[in-house]
Amino acid sequence: MAASVEFLTTPTGTPAGTGASRARGAGRLGHGKRTRAAGRLHVLGIVVLVMAMVLFFTPLIASAIFGFTLPGVGLTFASLSQAFSNPMAVQAVIMTVLLGLLTTAASLALLVPTIVYLHLRAPRAAKLAEALSVIPIVVPAVALVAGAGVFFRAVAPGFLVSPYALVPFYVIITMPLVYRALDAGLSALHLRTLFAAAASLGASPWRTLIGIVLPNLRAALLSAGLLCMAMVLGEFALASLLLQYTFPVFLVETGAAAPRGAAALSFVTMLATWGLLALISLISAAGNRRRRTPAAAPSVTSTAKEQP
Amino acid sequence: MTTITTPLREEFVSLSHVMKTYGSKTVLSDLSLDLHRGELLALLGPSGCGKTTTLRILAGLETPDAGSVHIGKRDVTAVDVRRRGIGIVFQSYSLFPHMTAAENVGYGLRIRRQAGRAATVAELLETVGLAEHAAKYPAQLSGGQQQRVALARALALEPNVLLLDEPLSALDAAVRVQLREHIRRIQMEKNITTLMVTHDQEEALTMADRVGVMNAGRIEQLDTPAELYRRPVSPFVATFVGNVNRMPAQRTDNGTYAVAGRPVTPIGELPAGTTAATALIRPEDIAISHAHASGTCPGLTGVVHSSVLRGSLSSVYVDVAELPQPVRVDLSTAQASAFAPGADVSLQLLRSEAVLEPASPATAAHADAAHAGDAHEDDAQASTASGTAQAAGVRA
């Protein structure tokens with residue numbers, strides 16, 4: 001293909017390799033020195049890492065020890081079970097999980113078609129939307145609730161009474177992360193070609209979205225959902241300001257009366273959140289493996305396989 | 001062998017007076033194009049010339065600002081892609097990654113809820129030579145295999161028109177050559193009217209019944225590959241399809257032009273008042289012989305600079321004093337071995353027709369001034385002309 005438009009060129013090409021080989025030679029000469037410098041950097045890195053780990057884990061381990069021991073008794077789950085003896089505890093956990101699921105569903109239902117549309121029809125607006133999706137990070141919960149409170153008291157006074165009123169707020173605060181997870185998944189998909197191909201085969205846009213896009217977006221949908229759950233499980237400010245009794249609110253309340261129970265609970269919650277995050281990275285790694293197609297890198301081996 | 005029974009000249013698909021602009025940029029200006037039933041027409045052109053937009057308008061993926069699209073007798077200008085009866089093969093990544101090859105091929109049939117799908121799918125996969133790969137996912141297939149699945153999928157609904165959007169450009173060279181023969185064979189067997197878009201001239205020339213060369217939203221020439229190559233109507237077509245040598249041409253007293261001492265008839269019209277021009281001469285249209293052997297024929301003399309082996313053909317590059325760049329002469333590799341670098345040779349034109357590119361008076365004057373100092377020992381006249389050619393060459 002390179003030869004498709006060949007004007008008269010001098011047949012002796014410039015020796016293109018020399019620059020690169022010279023650079024390689026220089027690299028080999030300086031190799032010893034660089035290794036020693038790199039070694040020193042390496043040691044420094046380990047020191048910084050160890051210090052960070054100590055600072056990070058000490059409070060965690062301390063709170064775990066504090067939560068799972070009693071003076072004179074030793075290791076015990078008594079504080080944890082005592083915290084759960086509160087009849088409100090189970091209800092708070094159930095409500096929070098329910099809110100997490102509803103938030104996930106609402107976020108995905110809102111954002112998947114929106115981002116697909118932006119990618120297909122308005123790639124420039126997609127960039128703007130991505131920038132706008134970050135805004136919730138810089139809006140404090142207090143400001144959000146204060147503003148929304150004024151609005152809803154005027155428009156729908158009963159709305160904020162229901163615990164489900166938290167869902168739209170959660171959709172907003174999880175948007176930066178959910179948007180990014182979905183956007184990354186959709187960017188890897190060659191949406192325009194898939195939609196055009198499906199249309200030429202008779203599929204409507206909605207059918208393409210549900211039958212072609214969603215199945216190929218599984219990994220991104222799962223990570224978005226897990227991010228949603230993780231954030232909702234830890235969200236305190238909004239629920240507290242709107243006077244809803246969710247798990248984080250319960251945790252803080254318990255902490256005032258029974259600090260050991262609260263410490264044990266928060267440690268367990270943290271482990272659960274980490275579990276979710278580990279699941280996300282596992283899933284996205286699996287997704288990446290599947291997506292690595294031979295078409296992306298046509299190689300000599302594909303030529304050999306080509307004989308019918 | 002395949003025989004084409006339907007009359008070739010019957011117009012089956014036509015785009016008439018199609019316009020398309022994106023914002024302030026005009027991509028297609030008044031484009032008209034007819035495809036005959038059963039032919040493979042290739043649109044060839046540099047990127048951004050509007051060839052893909054043309055294909056997308058025929059597909060229904062873009063709406064023209066003006067003009068109409070007919071398939072058969074039906075006006076489909078406002079008809080959705082889904083109801084146009086077309087099959088499309090895209091450049092790459094068009095297979096549904098979560099479906100096997102067989103599921104991909106059967107997708108359109110499934111949407112139509114057609115009975116006996118499995119048999120149709122098996123037959124199509126057999127046609128493209130992938131029967132044993134039916135259960136594989138796209139990621140498990142090579143690039144060439146993926147494109148063959150895409151072709152089978154596009155053919156599954158028995159479309160009236162097949163559209164190939166640079167179907168081979170993402171593949172490596174060996175697969176490309178093999179697959180283009182494969183696609184051409186299937187296209188001829190099914191006798192399906194096909195529009196292919198490509199920027200690869202070799203692909204267009206070897207596969208198509210007719211080739212349209214596009215430039216800046218217009219079709220510059222629509223012709224059979226042979227005509228296109230031998231009688232290009234414009235300098236753009238001549239340089240875009242095939243290789244050319246640029247040689248100065250002077251107007252003679254009797255109104256013809258002289259290139260390397262030989263009278264040459266221009267292909268196509270030249271603007272009135274053209275006195276100097278650049279002739280675009282194909283490398284195989286020049287004969288090369290050893291200087292001492294050349295008889296009385298007028299021609300150019302030069303020294304062999306180097307030669308490049310291209311397989312059965314070789315290119316011999318000859319430094320000619322009057323010309324700024326070496327002249328490329330293509331001849332069979334066996335013959336080329338007689339011309340070692342440093343040999344004195346003479347060159348003669350083999351054809352009396354050539355595409356001429358007029359040199360504007362301004363560039364001619366400029367070139368005269370720039371090259372006033374290095375007049376050649378042989379002939380001051382030739383030096384001036386070569387200066388003009390050089391200037392024209394640089395600007396082209």
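Which strands of chain B close into a barrel, and in what order? In this predicted model, the barrel is built from five strands, running β11-β12-β13-β20-β14, and their pairing is mixed. Going from one strand to the next, the twist averages 50°.

One of the pairings can be followed down to single residues. Strand β11 of chain B takes in residues 245-251, strand β14 of chain B takes in residues 276-281, and the two run antiparallel to each other over six bridges. Within this part of the chain, Gln250(B) finds its bridge partner in β14(B), namely Ala276(B). As a general point, the strands of a sheet are held in pairs by backbone hydrogen bonds, in either a parallel or an antiparallel arrangement.

Stepping back to chain B as a whole, the chain splits into domain 1, residues 11-230, and domain 2, residues 244-359. Between the C-alpha centres of these two domains of chain B there is a distance of 39 Å. UniProt, in an unreviewed entry, lists residues 13-241 of chain B as "domain: ABC transporter". That stretch of chain B, residues 13-241, comes out at 36% helix and 27% strand, with 25 Å between its end C-alpha atoms.

Chain A carries a UniProt annotation too, again from an unreviewed entry: "domain: ABC transmembrane type-1", covering residues 93-280. Here helix makes up 83% of residues 93-280 of chain A and strand 0%, while the end C-alpha atoms sit 22 Å apart.

Conventions
Residues are numbered from 1 along each chain as its sequence is written. Chains are lettered from A and ligands numbered from 1 in the order in which they are written. This is a predicted model: local features need pLDDT of at least 70, side-chain atom pairs count only at pLDDT 80 or more; totals for chains, interfaces and linings use all residues. UniProt positions are given in the numbering used here, feature names are shortened, and annotations may be inferred rather than shown by experiment. Helices (H or I, at least four residues) and strands (E, at least two) are DSSP runs, numbered from the N terminus. Two strands pair if DSSP finds at least two bridges between them. Axes are lines fitted to C-alpha atoms, for helices over the stretch in contact, and angles run from 0 to 180 degrees between N-to-C directions. Domain bounds come from an automatic or database domain assignment.
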